[in-house]
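Subject: Structure handover

Hello,

Here is the structure we spoke about, with the sequence alongside. My notes on what was found follow below it.

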Amino acid sequence: MKKSILTVFAAMLLAVPVAQAQKVNKDALLSKIEKSDAEIADAKKNGKSATWIKRGKAFFEAAHAPVKDIAQTLTPDRWQLALGEPAQQPTVEVVNGMQMACLQYPYLKLYVNPQNGTIITWEQTDRVLEGGYEKALEAYEKALEIDPKCQEKVRPGMEELLNAVSQQGNVYKDLGNSRKAGEYYSLAHRILLSPGYGLTETEKPQAQFVLYLAGRMFAVDAFTNTNLDSASKGVASFNELLNEGYEGQNGDCYYYLFYCYFCQKDQDASYVMKAKEALEMGIDKYPTNQEILKGLIDLYTKEQGIGDPKELIDRLEKTIASDPENYELWMGRGILFNSLGDLDQSIVSFSKAAELKPEMIDALYYTALSYTLKANGILDELNNMHQISAADSDAAMAKAVENFKAAIPYLEKGYEVNPQHTDNLSLLKEICFRLRDESDEYAQKFQKYNALWKEASGK
């Protein structure tokens, strides 16, 4: 498979005349910085804003040179002319779950769609110098410090810097490198807040969104790599956002803040309660946010010293009382009681949600699943009894069958709503199989839904 992909891609490369190699004049770029070093060492030139603006530009050019000629929007003929021939033959790599053709250049790996040659992302593997973007920012800020009136001269360089750094954040996000993506987004946020950029009131949401991206990437890295440093940076990012009144989509900043605190609980036990406080603030403002609710459920049911789960039940019941027709709240109630093992209340909750929105497959499926779990629980209890009368055994079996039968209408409605929902079909055909000896109706339904399940799941 890899060979055929590369054969197609190699033919595409040969169709375009290219330059010899990626052009990055490292010596010339570093020479500009050496010249700038000499200028700021001169007391007279050091005191001029123009000297520092020029220095900022030199550092920016050195930092950005390896990637300045590429963008995801470039067509294959344009990026091949810009980068020239790769250092070696293309290979196939899987990056962030996607199969891509990889081309190695002196300063970067380029990942492209092997079918059409479009750029997917890239990874910078070498640099002209380290910390160039940060040093460019420092130089621009120094220029403004010397002459507060030169902001109009500094702003273009800052905009250029912001665009480049934001692009690097996007690139590392696409690569699946959440830590690096977070660091670049964090730097982009710092640029936006710099006096040299001169953030206007209408641009403030942009700065908040960039900080949100940084925090989210730090949270993802904390989760996937157990990175405590990223967790700490995520806490700082989301606390700053919440202090500014930015809560994200449906309050997800509270959930990310919870997780960044929770990741650090082994380092500081107080962080568990801080994690709980973040979720409680979130659920009060966004009671339908399922992630926040699930986070609270996990805390109450899995962590010691959090409190009585009844506290969470009371909180949710009060919210439902004020908005009894809210589908999301009833779904949340079902999830809560399911986690606590109260299947009767779980059934009440999910069936109410299904009543409110009968077109929602989740409400239908989870009502049926709760009935099924209740039936299985009755059977498990029956199997574990060493001494039981025939009458009691028959009564228990009848109760289990009653719950299995109660699940079927919800599953059949679920099939009408979404014929491709394989979990729904799987549960439906399994219950019908269990009930096949009850009547021919269930035996026939098993044959019907088993065939539909096989078709939907590709079996």
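A residue is called buried here when its relative accessible area is under 20%. By that cut-off, 47% of the 459 residues of the protein chain count as buried. Please keep in mind that this is a predicted model.

Overall form. The protein chain holds 20 helices and four strands. Its radius of gyration is 30 Å, whereas a compact globule of 459 residues would have one near 23 Å. Along the principal axes, the C-alpha trace spans about 100 × 55 × 40 Å. The accessible surface of the chain comes to about 23,000 Å², and carbon and sulfur atoms account for 49% of that. If we take the contacts between residues at least 6 apart in sequence, 62% of them join residues at least 24 apart.

The sheet. The four strands make an open, antiparallel sheet in the order β1-β2-β3-β4. The edges are β1 (91–95) and β4 (119–124); each has a single partner strand, so one side of each has no neighbour in the sheet. On average, and ignoring direction, neighbouring strands are turned by 35° against each other. Strand β2 (residues 98–104) pairs with strand β3 (residues 108–112) over four bridges, in the antiparallel sense. L103 is placed opposite L110 of β3.

In soluble globular proteins, nonpolar side chains tend to be buried together. Here the largest nonpolar core has 112 residues, and W79, L110, Y133, L161 and I191 have the most contacts inside it. Helix α9 (residues 204–225) contributes the most to this core, with ten residues. Apart from neighbours within four places in sequence, L110 touches several residues, including I70, W79, L83, I119 and W122. There is also a second, separate core of 26 residues, with A368, Y371, L411 and Y442 among them.

Helix α7 and Q168. Helix α7 lies across β1, β3 and β4 and runs at about 100° to β4. Q168 is found in this helix, which covers residues 151–175. Is Q168 buried or exposed? Its relative accessible area is 1%, so Q168 is buried, given that the cut-off is under 20%. Leaving out neighbours within four places in sequence, Q168 is in contact with V67, W122, Q124, Y133 and Y184. Two of these names come up elsewhere in this note: Y133 is listed with the residues that have the most contacts inside the largest core, and W122 is also a contact of L110.

Regards

Conventions:
Residues numbered from 1 in each chain as written. Predicted model: local features only at pLDDT ≥ 70, side-chain atom pairs only at ≥ 80, totals over all residues. Heavy atoms only, no water. Helix = DSSP H or I, 4+ residues; strand = E, 2+ residues; numbered from the N terminus. Buried < 20%, exposed > 50% of the residue type's maximum accessible area, 1.4 Å probe, protein only. Contact = heavy atoms within 4.5 Å. Core = buried A, V, L, I, M, F, W, Y, C linked by side-chain atoms within 4.5 Å. Pairing = 2+ DSSP bridges. Axes fitted to C-alpha atoms, helices over the stretch in contact; angles between N-to-C directions. Rg over C-alpha atoms; globule rule 2.2 N^0.38 Å. Areas by Shrake-Rupley, 256 points an atom, 1.4 Å probe, with all protein chains shown as cover.
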